[in-house]
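Please keep the sequence and the structure in view while reading.

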Amino acid sequence: MPSRTTVSEPRRPSTRRRPADRHRVAVLAYPGMSVFETGIVTEVFGLPRPEFDVDWYDLVVCAERPGPVPVVGGASLHTPYGLAELAAARTVIVPGVPDVTADPSPGLVAALRRAHRDGARIMSICSGAFALAGAGILDGRRATTHWRYAELLARRYPRVQVDPGVLYLDDGDLLTSAGSAAGLDLCVHVIRRDHGAAIANAVARRLVIPPHRDGGQAQFVEAPVPAGTDDDRIAGSIDWALAHLAEPLTVARLAQQAHMSPRTYLRHFAQATGTSPIRWLIDKRVRASLALLEESDTPVEQVATAVGFDTAVTYRHHFGRLMLTSPTAYRRAFRVGAVRGGLR
């Protein structure tokens, strides 16, 4: 069980107050950290984005002891903000912890519990889930972490429902992500939650990343399908298929585009992509439907037809298998940013 020890809050530094109506995001810095994960948070939430004409975030970097924080490479990060600012933020982010076998400090435990009790949204990147679990706030909740640490997290904190097979998990006020780069996926997801798909997609483009991993919000990480192929005939048939997804497409028709027999085409397609033409088509059709779900009120039956599925039943089946949710639930989740309210 995590320690129940409480400590007094560190004194607030005498810094100018920031606008009270802005959404403050606090990210934890600790000695010996890699700055990559903190850089992700800074890039997504810290840069001003006046072009969006929305109330953007107010980012602060916090440390257990305000002042210089030594980081990997011999550099030092200096911050005047401590655990009091961390606990008072509306969104709290804990990047990977320095030691997954150690318990979080009593001060950090107290700060995380206070933030959770006061209704903050708390996020972790990679092994940061160990800090959340150590504070007891993940008890009875679903969480993920880097696949290397998932078994250890489950063993150390058996009350946490660890899911090692997801890119990230949004459990309402508690959000956890897998390895470091998955922190980008999670942060863009939070932008989508707060401000809608259009702004999240714009931020993703500025970061030169897909707004959804593999072109969609597929949280389950499966064996990736290569994006391209050296076989010009297969590549040409793929490009043609992407331009005709709404049409009836068969292996025979694709093979004809590649000037191959169906049998030869199947063999070459598998060699080039690692999957079959039909599986590839299903995946691309599901991905193509995401924008319609995010950005329009088109009925699901019409969305299914627009991307080439014979029936809405077939579409829902394949959507659920790939996305681990239904088209309706996906639309509700990814259009929620248009509705104000929620977090304090």
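Which residues do ring pairs link into a cluster? The cluster consists of F45, F52, W56 and Y57, joined by ring pairs. The model is a predicted one, and a search of the whole structure finds 9 aromatic pairs as well as 14 salt bridges.

**Aromatic pairs**

- A pair of aromatic rings is described by two quantities, the distance of the centres and the angle of the planes.
- In the pair of F45 and Y57, the ring centres are 4.9 Å apart and the planes stand at 85°, so the pair is edge-to-face, given that an angle over 60 degrees counts as such.

**Salt bridges that link helices and strands**

- The side chains of D170 and R193 meet in a salt bridge, with a distance of 2.8 Å from N to O.
- Because D170 lies in strand β9 (residues 168–171) and R193 in helix α6 (residues 182–195), the pair ties together parts that are 23 residues apart in sequence.
- D170 is partly exposed, its relative accessible area being 28%.
- Another salt bridge brings together the side chains of E301 and R316, where the distance from N to O is 3.3 Å.
- Here too distant parts of the chain are linked, as E301 sits in helix α12 (residues 300–306) and R316 in helix α13 (residues 312–323), 15 residues apart.
- E301 is partly exposed, with a relative accessible area of 43%, and R316 is also partly exposed, with a value of 35%.

**Further salt bridges**

- R114 forms a salt bridge with D118, and the closest N and O atoms of the two are 3.7 Å apart, which falls within the 4 Å that a salt bridge requires.
- D118 is partly exposed, and its relative accessible area is 37%.
- Salt bridges also form a network, in which R141, D171 and D173 are linked.

Note on methods. Residues are numbered from 1 along each chain as its sequence is written. This is a predicted model: local features need pLDDT of at least 70, side-chain atom pairs count only at pLDDT 80 or more; totals for chains, interfaces and linings use all residues. Side-chain values use heavy atoms; hydrogens and water are left out. Rings of Phe, Tyr and Trp (its six-membered ring) pair if their centres lie within 6.5 Å; planes under 30 degrees apart count as stacked, over 60 as edge-to-face and the rest as tilted. Buried means under 20% relative accessible area, exposed over 50%, partly exposed in between (1.4 Å probe, protein chains only). Helices (H or I, at least four residues) and strands (E, at least two) are DSSP runs, numbered from the N terminus.
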